[in-house]
Structures are given as C-alpha cells and as structure tokens.
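Trainee: I would like to learn how to read a structure. Where do we begin?
Mentor: Let us look at the chain together, then take a few features in turn.

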Amino acid sequence: MHVHAFSPMEIDYGVLKTAMPLREYLQMMKDEGLGSIPGTAAEILDDRVRQELSPNKLPAGRWVEIITAAHELGIPTTSTMMYGHVEEPADWVRHILLLRAIQKRTGGFTEFVPLGFIHENTRLYRHGGARPGAKREEHLRVHALARVLLHGAIKNLQVSWVKLGFEMSLACLQAGANDFSGTLMEESISKAAGATFGEFVSPEEFRAKIRSIGRVPAERTTTYKMRRTFESEADAQSAAARLPTLGAQHHATYTEGAY
C-alpha cells in the first residue's frame, strides 16, 4: 500500500508537537512508510490573500519550506491552488509560477490540482468576504492557464470532479487537464462546504465519461506510473478477469512502485 498523507499544515503541527527539526521529522515519516504528501493548504501562495482568506493557515513561506524539504528528501507531493474567492487572475499567475520555480529546482511535484472554491457553507462567503465561487469561464481559464504556464515543468494537470462536477470536469479536461483524479470512497471536506459530489464513483463510470470526449482511459499509480490502458471496455473486463481472487488462502504481495 502506498501511503499518501499529511498536508504541509499537518506536518507543521507534528513538528510543533514533537519539537523535531523539520527535515528529521519528515525523514522519520518516510522511514515509517510515508510515500507522498498532498500539497493542500496552499490556497493562494501570497500572504496578502491568505490573511484575508485563511489567516489561521500556514504562511506561504512555511508551505514552500515544508514542500521543498519533502522533495529534497525524496518524498513527492501534489500541488494545488484554490480559486474563486478573494483572489484576482494575477494571483493565479504568481501562484502557478511559484510552483513552477519549485518544480524546476526539486522535480518533486507529481501533479497540479486547481481547486474551485465551494462557497455555500463557508463563513467567509456568508459574511460577504468572498465571491460565490468561480464561474464556468474561470474554471476553463485556470486549467488552460496552468497547462501553458506549467509546460515543461509539471506534466500532470488534474481536475477535481468533487468540486467541479462531471460536466465541468470534462470541459476542463478538454481545456488542458489530463487526469480525472480518483474514484474515492467518500469525501467530506468539499461536501461540508456545500459541494454535491464526493461519493464513490465506479471505474466503469469514469472510463465511460472519459471515452465520451474521445479520450482513452488509463489507470495510474499515485506517483503517475502507468499501470494499464483501456482501449475498450472489453480490455477493462479482461483485466478484471485476470485479477486474483483474495481469500483466506491467498495473499497479494506488495510490489514496489505498484501503487
């Protein structure tokens, strides 16, 4: 099993509680089985925006410090940006270019995930401090902009179907994204903010949606190693038939890089 866990904010909390130096703490986590880190809590990496949007979260510099240290220790991470709240388009550009600069130095980002702001149940929106999320045009512009600005740096651009819904996600795939993210079991953070998606979706349904826009679905590992490509649904059924049946007498072995 590949362990993908602990945001930079959670790592900062662990460092605070243990009083360990950051690099020693990260190395300890890696030695105990941590495979990669979600690059969440990035929001917009500008302290002016962060002070208005999420004053209790890490300063931008600390987020960068934690992510960079993880990369230097061989722990890959995702990268994210939340948009549609109090920021301006110029903030998108600065944020993405900062991620690009980090990637050019460390090569540790596996993907970039734009996250549309879910506004309905947030205190900031209810108090008039944020706009009601991004419009369709903004979603498309962010994904297209990211594809252009990250060219040659971060190869994979993931849509967040939990936040966008399927119709908008498919449109963003056509605007520059190449990854539909995961099937999930159940998502709680976006739903608590007012999202209506986040329940389990079967691989079969994902493959059908991907094919609906003329793309070929493929299965990847957490760190973007390709496991199999499904030229047709018959390929998927054939692959499923070859999987071992797990029972009391059979134990699947761990294969390095398989997850």
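Mentor: Start with a term we need. A residue counts as buried under 20% relative accessible area, as exposed over 50%, and as partly exposed in between. Keep in mind that this is a predicted model.

Trainee: Then where does S181 fall: buried, partly exposed or exposed?
Mentor: S181 has a relative accessible area of 23%, so it is partly exposed. S181 sits in the loop between α9 (166-175) and α10 (189-193).

Trainee: Which other residue has a positive phi although it is not a glycine?
Mentor: A41 is one, with a phi of about 65 degrees. A41 is in the loop between β2 (34-36) and α3 (47-53).

Trainee: Is A41 buried or exposed?
Mentor: A41 has a relative accessible area of 11%, so it is buried. The cut-off for buried is under 20%.

Trainee: Now the whole chain. How many helices and strands does it have?
Mentor: The protein chain has twelve helices and six strands. It has 259 residues, and 46% of them count as buried. Its accessible surface comes to about 13,600 Å². Carbon and sulfur atoms hold 55% of that surface.

Trainee: What share of the contacts joins residues 24 or more positions apart?
Mentor: Count the contacts with a separation of 6 or more: residues 24 or more positions apart account for 66% of these.

Trainee: How do I describe two packed helices?
Mentor: Now a case. Helix α1 (residues 8-18) and helix α2 (residues 22-31) have axes that come within 10 Å and cross at roughly 110 degrees. Angles of 65 to 115 degrees count as roughly perpendicular. So α1 and α2 are roughly perpendicular to each other.

Trainee: Which residues make the contact between α1 and α2?
Mentor: From α1 come I11, G14, V15 and T18. From α2 come L22, Y25 and L26. Sort these contact residues by type: five are nonpolar, two polar and none charged.

Trainee: At what angle do the axes of α4 and α5 cross?
Mentor: Helix α4 (residues 60-72) and helix α5 (residues 89-106) cross at roughly 25 degrees, with axes that come within 10 Å. That makes α4 roughly parallel to α5. The contact uses W63, V64, T68 and H71 of α4. On the α5 side are L98, L99, I102, R105 and T106. By type, five of the contact residues are nonpolar, three polar and one charged.

Trainee: What is the handedness of the crossing of α4 and α5?
Mentor: α4 passes α5 in a right-handed crossing.

Trainee: Let me zoom in on one residue. Is T68 buried or exposed?
Mentor: T68, in helix α4, has a relative accessible area of 8%, so it is buried. Leave aside its neighbours within four places in sequence, and T68 is in contact with I102, R105 and T106.

How values were computed: Residues are numbered from 1 along each chain as its sequence is written. This is a predicted model: local features need pLDDT of at least 70, side-chain atom pairs count only at pLDDT 80 or more; totals for chains, interfaces and linings use all residues. Side-chain values use heavy atoms; hydrogens and water are left out. Helices (H or I, at least four residues) and strands (E, at least two) are DSSP runs, numbered from the N terminus. Buried means under 20% relative accessible area, exposed over 50%, partly exposed in between (1.4 Å probe, protein chains only). Contact means heavy atoms within 4.5 Å. Accessible areas come from the Shrake-Rupley method with a 1.4 Å probe; for residues, only the protein chains shown count as cover. Axes are lines fitted to C-alpha atoms, for helices over the stretch in contact, and angles run from 0 to 180 degrees between N-to-C directions. Angles under 35 degrees count as roughly parallel, over 145 as roughly antiparallel, 65 to 115 as roughly perpendicular and the rest as oblique. A crossing is left-handed if the near helix is turned anticlockwise from the far one by less than a right angle, and right-handed if clockwise. Ala, Val, Leu, Ile, Met, Phe, Trp, Tyr, Cys and Pro count as nonpolar, Asp, Glu, Lys and Arg as charged, and the others, Gly among them, as polar.
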